[in-house]
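The entries below are in the order I made them.

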Amino acid sequence: MVLISSARDYVGRMLQDISGMKVLVVDSQTVSIVSVVYSQSELLQKEVFLVELVDSMSKESMAHLKAVYFLRPTSENIQHLRRHLASPRFGEYHLFFSNILKTTQIQVLADSDEQEVVKQVQEFYADFVAIDPCHFTLNMPLNHIYMLPAVVDPPSSQNFCDRAVDGIAAVFLALKRRPVIRYQRTSDIAKRIAQEASKLMYEQESGLFDFRRTEISPLLLIIDRRDDPVTPLLNQWTYQAMVHELLGIEDNKVNLRSIGKISEDHQEVVLSSEQDAFFKANMYENFGDLGMNIKQMVDEFQQIAKSNQNIQTIEDMAKFVDNYPEYRRMQGNVSKHVTMVTEMSKIVEERKLMLVSQTEQELACNGGQVAAFEAVINLLNNESISDVDRLRLVMLYALRYEKESSVQLMQLFNKLSSLSAKYKPGLVQFLLKQAGVDKRTGDLFGNRDLLNIARNMARGLKGVENVYTQHQPLLFQTMESITKGRLRDLDYPFVGNHFQQGRPQEVVIFIIGGTTYEEARVVTLQNATNSGTRFILGGSVVLNSKRFLKDLEEAQRIARASSAV
């Protein structure tokens, strides 16, 4: 709750102290920051009658409106403001920045305000997109940069690190904490971001971070996506993660325009645990239970409407909702969830995802190379399986058995190139170069550490509750190590001369390269155990397999081009 309430509080404070009709001016990043914590109707209640983007504003004078600017403190935004203040369109200007302003930037603003229309300039540290109570993202546009050595593109690499440090700093300023910082030893970019964050918090802006000390300092742990490349490659079977994997979620919104006949008001739907009670209750439920819960919801409303149509299938539900306008007005929400589940059921059937997913989970969770090779070959030969699913299966097999079966790997690579016209040669090899066993810190497949080997054997003997959701992200082990005080200093060193006595009560884990909703679920469930440690998860973007593969392809393209120079 803490991240959403912090961001809401900042936005609320910006708007409530300025009376009268207002225009809210945002940039391409802060529009996301505001939209996930404030709905349009809530903005209207605060007398915001217009929202404009800072780089595409009209020239029309509106002196009767007061302008509330909420921007990231970038040099581009400062230049936009200079131009806007040179010929003001609004009666008053209230300037709020989502992070720390440089003294030179404040000077530029002061010099530009010749007509004295600026009433205040403030820093409100909401420089992160709080998608869920314990999950934030930075929506970083060039996310593939983390896979490339800094020398390939130094300016982009520096911009990437700066944005990560800004976002992390804002989270801790919002929490009013200064953490001790640890990072994954095998990742150069994790080390660099950790050192720059430490420099900012303990040297450059030490006064700003000088909060009341807690007995045990909070922990900031910076890790690299490449330590667990398996999680973003898997199909998902719990509601929120599945929607993102099959339909895509952006800033808690799902675009349904590509689905056939769909009413105007459902072309883009909001999927927020804060605004939708059914979603909050079901976001971590598996697909089977979710179908039952939606049916129950529809049944309840049938009772209210004194309708006795018997609903048996998802298609029946969709028909019922479509034919019942009064019902839709009462609960547009049900319609939204039925539409999404119907669409996802179609995709699952078309792409034979239950078949694919069973083999994915076996590859991720259980040993047995001969059977795994056979299962992957069978699926590659199955004409119903899509190219992207074939690619993901070969990647998962390669990550699991890269050291054990070079001959079989070559067979799979050749098979893949002969079957998939779209397959970019060398992409699986590039993944192994990026995230192979020699590059990883954690025990990804539970076969390095004796404790994990024993745990996997015990799980194998007991059997699993659900074959489709047996995978646990590596993050689960990392959190367990933190709560038990077992996170090794050798693998995750501290920055500077800091160390931690005792178990931290607050931990922010930042994943360079992006988080997944499967990991966000694990964090929420861990927090619910009341272990005494509260975790917050953040990352550069929120991944699904499509985005992860796109980043991989882009990094491979740039790496090839730079080696050809």
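**Entry 1: the model.** I note at the start that this is a predicted model.

**Entry 2: aromatic pairs.** How many aromatic pairs does a search of the whole structure find? I got eleven. I picked out Tyr69 and Tyr93, whose rings are 5.6 Å apart, centre to centre, with 25° between the planes. I wrote this pair down as stacked, because the angle is under 30 degrees. I then looked up where the two residues sit in the chain. Tyr69 belongs to strand β3 (residues 62–71) and Tyr93 to strand β4 (residues 90–97), so the pair links parts of the chain that are distant, 24 residues apart. Are they buried or exposed? Tyr69 has a relative accessible area of 1% and is buried. Tyr93 is also at 1%, so I count Tyr93 as buried, the cut-off being under 20%.

**Entry 3: a tilted pair.** Next I looked up Trp237 and Phe287, which form a tilted pair with 6.4 Å between centres and 55° between planes. Trp237 lies in the loop between β9 (219–224) and α8 (239–246). Phe287 is in helix α10 (residues 287–304), 50 residues apart from Trp237. I found both Trp237 and Phe287 buried.

**Entry 4: a cluster and two charges.** I noted one aromatic cluster formed by Tyr10, Phe96 and Phe124. Phe124 came up again when I looked for charges over rings: Arg13 lies over the face of Phe124, 4.7 Å from the ring centre. I also found the charged end of Arg8 over the ring of Tyr38, at 4.6 Å from its centre.

**Entry 5: helix α17.** I checked the length of helix α17 (residues 406–419). At 1.5 Å a residue, its 14 residues should span 20 Å, and the end C-alpha atoms are 20 Å apart, so the two agree. Which residues of α17 are buried? I listed Leu409, Leu412, Phe413 and Leu416. They cover an arc of only 100° around the axis, so they are on the same side of α17. I had read that an α-helix has 3.6 residues a turn, so residues three or four places apart point the same way. On the other side of α17 I found Val407 and Ser418 exposed. Last, I looked up what the buried residues of α17 pack against, and found α15 (369–381), α16 (387–401) and α18 (427–435).

Key:
Residues are numbered from 1 along each chain as its sequence is written. This is a predicted model: local features need pLDDT of at least 70, side-chain atom pairs count only at pLDDT 80 or more; totals for chains, interfaces and linings use all residues. Side-chain values use heavy atoms; hydrogens and water are left out. Rings of Phe, Tyr and Trp (its six-membered ring) pair if their centres lie within 6.5 Å; planes under 30 degrees apart count as stacked, over 60 as edge-to-face and the rest as tilted. Helices (H or I, at least four residues) and strands (E, at least two) are DSSP runs, numbered from the N terminus. Buried means under 20% relative accessible area, exposed over 50%, partly exposed in between (1.4 Å probe, protein chains only). A charge sits over a ring if NZ of Lys or CZ of Arg is within 6 Å of the ring centre and within 35 degrees of the ring normal. The expected span of a helix is 1.5 Å times one less than its number of residues. The arc is that of the directions from the helix axis to the C-beta atoms. Contact means heavy atoms within 4.5 Å.
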